[in-house]
Amino acid sequence: MNLNTAFISELQFEAANTRKMLERVPFDNTDWKPHTKSHTVTTLAKHVARIPEWIPLILNNDGVDLIQSPFPPYPEINSGAELADFYDKNVANAKEALESTTNEDFMKPFVMHRGDHVIFNLPKAAVIRNMSMNHLVHHRGQLSVYLRLLDVPVPGMYGPSADEQRVG
């Protein structure tokens, strides 16, 4: 099996779960955050929706300098539906980038640095796993806590959530 097939399967599986979460983000209290050091609910949600953009960035470059943001500002997003559409576009672009990537390409190095400080130098496959897939699941988990604290029913990811359990 080619690595791209495995990554595409995982991306599509996690994308369906993530989309359910993003659709439920409330836009009636966009500045809400659980703590002064936390991001707002909409900033976190936009970050989750943007994470798949890392995949084409990783595959089409040898590295990134975090001093210069590789991404434009977030688009204006005013609803869960718009957020899910932004996410869907990013997932589609990630899938397209993965489709043409060979196993040899996945083994090429990718360097993340901040100016002269190297944060890591890893094979692109490892960077996709850590900075895209794992990163997505991590922040989606944070978003589920935000939704719970806002009393928004949390969708199940790998089975029914407490909000989806049948009683009796």
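A salt bridge here is a side-chain nitrogen of Lys or Arg within 4 Å of a carboxyl oxygen of Asp or Glu. One of them joins the side chains of arginine 148 and aspartate 163, at 2.7 Å from N to O. The structure holds 9 salt bridges. This is a predicted model: local features need pLDDT of at least 70, side-chain atom pairs count only at pLDDT 80 or more, and totals for chains, interfaces and linings use all residues. Residues are numbered from 1 along each chain as its sequence is written, and side-chain values use heavy atoms, leaving out hydrogens and water.

**Arginine 148 and aspartate 163**
- Arginine 148 lies in helix H6 (residues 124-149) and aspartate 163 in the segment after H6, so the pair ties together parts 15 residues apart in sequence.
- Helices (H or I, at least four residues) are DSSP runs, numbered from the N terminus.
- Arginine 148 is partly exposed at 39% relative accessibility.
- Aspartate 163 is partly exposed too, at 37%.
- Buried means under 20% relative accessible area, exposed over 50%, and partly exposed in between (1.4 Å probe, protein chains only).

**Arginine 19 and aspartate 88**
- These side chains meet in a salt bridge at 2.7 Å, N to O.
- The pair links distant parts of the chain, 69 residues apart: arginine 19 is in helix H1 (residues 3-23), aspartate 88 in helix H4 (residues 80-99).
- Arginine 19 is partly exposed at 24%, and aspartate 88 is partly exposed at 30%.
- A network of salt bridges links Arg19, Glu23, Asp85 and Asp88.

**Glutamate 53 and arginine 50**
- Their side chains form a salt bridge at 2.5 Å, N to O.
- Both residues are buried.

Notes. Helices (H or I, at least four residues) and strands (E, at least two) are DSSP runs, numbered from the N terminus.
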